[in-house]
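Please find below my notes on the model you sent. They are set out as numbered points.

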Amino acid sequence: MKLTKYQMIKVKVETPGQTVRFSAATDKLYSKVEGIYVSLPKDESHYGSTMELRIAEQEIFPEGFETKLLATDQSSTPNERFVIFDNDEVVEAGGSIIEGRFTDGGFSDGITFPYSLNIYLKLKNVQ
């Protein structure tokens, strides 16, 4: 089995300013969530957008956490795109429930709705 897996959670956003709740489960075969990356269709979509996130009932990002802090531009390499959690901050995977709430920033100039927010989790199998 691979030691690293990238798991994607898609969240559909229908209208400007919409708040969308989402939930999923991490892959049961991996023990740790090592990092996260958030992708929106346009950089402008991050303006004012926030995401609250809990994994295994552990708060990862509080209410009002700006998604622009979890994103990079196209000049970043794939390995540089992820926000990596501290080694002392163990975020359990192994089928843990992911719950969150995304709020679109409300800007509609040049942004086509509906769109998908993609949340990428970097999972590790720690032995």
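The points below cover a sheet, a nonpolar core and a few residues in a predicted model.

1. Four strands make up an open sheet, and their order is 2-7-4-5. The pairing is antiparallel. Strand 2 (19-25) and strand 5 (58-61) are the edge strands; each has a single partner strand, so one side of each lacks a neighbour in the sheet. On average, neighbouring strands here are turned by 20° against each other, direction ignored.

2. Strands 2 and 7. Strand 7 covers residues 97-103 and runs antiparallel to strand 2, with 7 bridges joining the two. Within this pairing, Phe 22 lies opposite Gly 100 of strand 7.

3. The core. The largest nonpolar core contains 27 residues. Phe 22, Ile 36, Met 51 and Ile 119 have the most contacts inside it. Two or more residues each come from strand 1 (4-13), strand 2, strand 3 (32-39), strand 4, strand 5, strand 7 and strand 8 (115-124). Strand 8 gives the most, with 5 residues.

4. Ile 36. Leaving out residues up to four places away in sequence, Ile 36 touches, among others, Met 51, Leu 53, Phe 61, Leu 70, Phe 82 and Ile 119. Arg 81 and Tyr 120 are also among its contacts.

5. Thr 50. Is Thr 50 buried or exposed? Its relative accessible area is 17%, and buried means under 20%, so Thr 50 counts as buried. Thr 50 belongs to strand 4 (residues 50-55). Beyond four places in sequence, Thr 50 touches Gly 64, Phe 65, Glu 66, Thr 67, Arg 101, Phe 102 and Thr 103.

How values were computed:
Residues are numbered from 1 along each chain as its sequence is written. This is a predicted model: local features need pLDDT of at least 70, side-chain atom pairs count only at pLDDT 80 or more; totals for chains, interfaces and linings use all residues. Side-chain values use heavy atoms; hydrogens and water are left out. Buried means under 20% relative accessible area, exposed over 50%, partly exposed in between (1.4 Å probe, protein chains only). Contact means heavy atoms within 4.5 Å. Two strands pair if DSSP finds at least two bridges between them. Axes are lines fitted to C-alpha atoms, for helices over the stretch in contact, and angles run from 0 to 180 degrees between N-to-C directions. A nonpolar core is a set of buried Ala, Val, Leu, Ile, Met, Phe, Trp, Tyr and Cys residues joined through side-chain atoms within 4.5 Å.
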